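Hi,

Here is the structure I promised to pass on. Have a look at it first, and then read on for what turned up.

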Amino acid sequence: MTLTTNTRTFVDTVTYRPGAVILYPGKSDMLYRVSTGLVRVHTMDDDGNGLTLRYVKPGEYFGEEALAGVNRAYFAEAVTDSSIDVINPALMSAEDNLVVTTHLVRTLERAYESIYRLVGKRLRARIAGELLELKDTALATQLDSGETMIYATHDELAAAVGSVRETVTKVVGELSREGVISAGYGKITLRNEAALQTIAAA
């Protein structure tokens, strides 16, 4: 189910390069949908440490607070080359609103899963779960061997799992030695996804 972007609701499609900030905290008036690419929604603590709240994939929305007229409390940043549809929520039809509401329910479910992973799982399980989550994003590519390689740094993983780079590097090293993954500069190859699933569920 997709939102109908007719001439009344559809405002524009904007392209962003990797690292470009799409939204800053503050006033919200438009709804955004990822057409292509990947967007990271994140926040920062008082010490300037980043925390990834979620990734937004093609067909998914962000900036939903515009529907209620409340301010944003996060940043949205393009992770890869991304094409973003800008939609005027004030002119959405009842059918459009149902589509977005369904999306919000699914986003909330994923948020519950992320919170549970952060609070109730050991770092090893959180990293495995995050790698499996990234497997179905624009950061992943399929190798000739059939394995999946993910372009992600240890800093980015740390921000996603609520840890620091040094600790994440240690766990990534352990998983590499076990043959579950292999890690290079800015990329991680999933060698044994079944093992990753078991670790993520532990």
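Let's start with E133: at 28% relative accessibility, E133 counts as partly exposed (buried is under 20% relative accessible area, exposed is over 50%, and partly exposed is in between, with a 1.4 Å probe and protein chains only). Before going further, please keep in mind that this is a predicted model, where local features need pLDDT of at least 70 and side-chain atom pairs count only at pLDDT 80 or more, while totals for chains, interfaces and linings use all residues. Residues are numbered from 1 along each chain as its sequence is written, and side-chain values use heavy atoms, with hydrogens and water left out.

Back to E133. Which residue does E133 form a salt bridge with, 23 residues apart in the chain? The partner is R110, and the closest N and O atoms of the two are 3.8 Å apart. Helices and strands are DSSP runs numbered from the N terminus: helices are H or I with at least four residues, strands are E with at least two.

R110 has another partner as well: its side chain meets that of E60 in a salt bridge of 2.9 Å, N to O. R110 is partly exposed, at 23% relative accessibility, whereas E60 counts as buried at 17%.

E133 also meets K57, again through the side chains, in a salt bridge of 3.7 Å, N to O.

You'll find K57 in the loop between β5 and β6 (61-62). Is K57 buried or exposed? K57 is buried, with a relative accessible area of 17%. Leaving out residues up to four places away in sequence, K57 touches V34, L38, E133, D136 and T137, where contact means heavy atoms within 4.5 Å.

Now for the domains. The domain assignment gives domain 1 (10-96) and domain 2 (119-201); such bounds come from an automatic or database assignment. Their C-alpha centres lie 25 Å apart, and the contact takes 10 residues from domain 1 and 10 residues from domain 2.

How much area do domain 1 and domain 2 bury between them? The figure is about 740 Å², 67% of it on carbon and sulfur atoms. (Buried area is the accessible area, with a 1.4 Å probe, that two parts lose on being put together, summed over both.) In domain 1, L38, Y55 and K57 lose the most area to domain 2, together 53% of what that side buries.

The rule finds one salt bridge across this interface. There is also one residue pair in polar contact between the domains, with both residues at pLDDT 80 or more. (A polar contact is a pair of N or O atoms within 3.5 Å; within protein, one must be able to donate a hydrogen and the other to accept it, and residues adjacent in sequence count only if both atoms are side-chain atoms.) On the side of domain 1 that touches domain 2, strand β5 (residues 50-56) gives the most, with four residues.

A few other places are worth a click. The whole structure has 13 salt bridges, and one of them joins E77 and R40, with the closest N and O atoms 3.6 Å apart. E77 is in strand β7 (residues 75-78) and R40 in strand β4 (residues 39-44), 37 residues apart, and both E77 and R40 are buried.

Then there is helix α3 (residues 154-161): six of its eight residues are buried, so the helix is largely enclosed by the rest of the structure. The buried ones are H154, L157, A158, A159, A160 and V161. Just after α3, G162 takes a positive phi of about 70°.

Last, P18 is in the loop between β1 (10-16) and β2 (21-23). P18 counts as partly exposed, at 45% relative accessibility, and touches A78, V79, T80 and D81, not counting residues up to four places away in sequence.

Cheers

Methods. A salt bridge is a side-chain nitrogen of Lys or Arg within 4 Å of a carboxyl oxygen of Asp or Glu.
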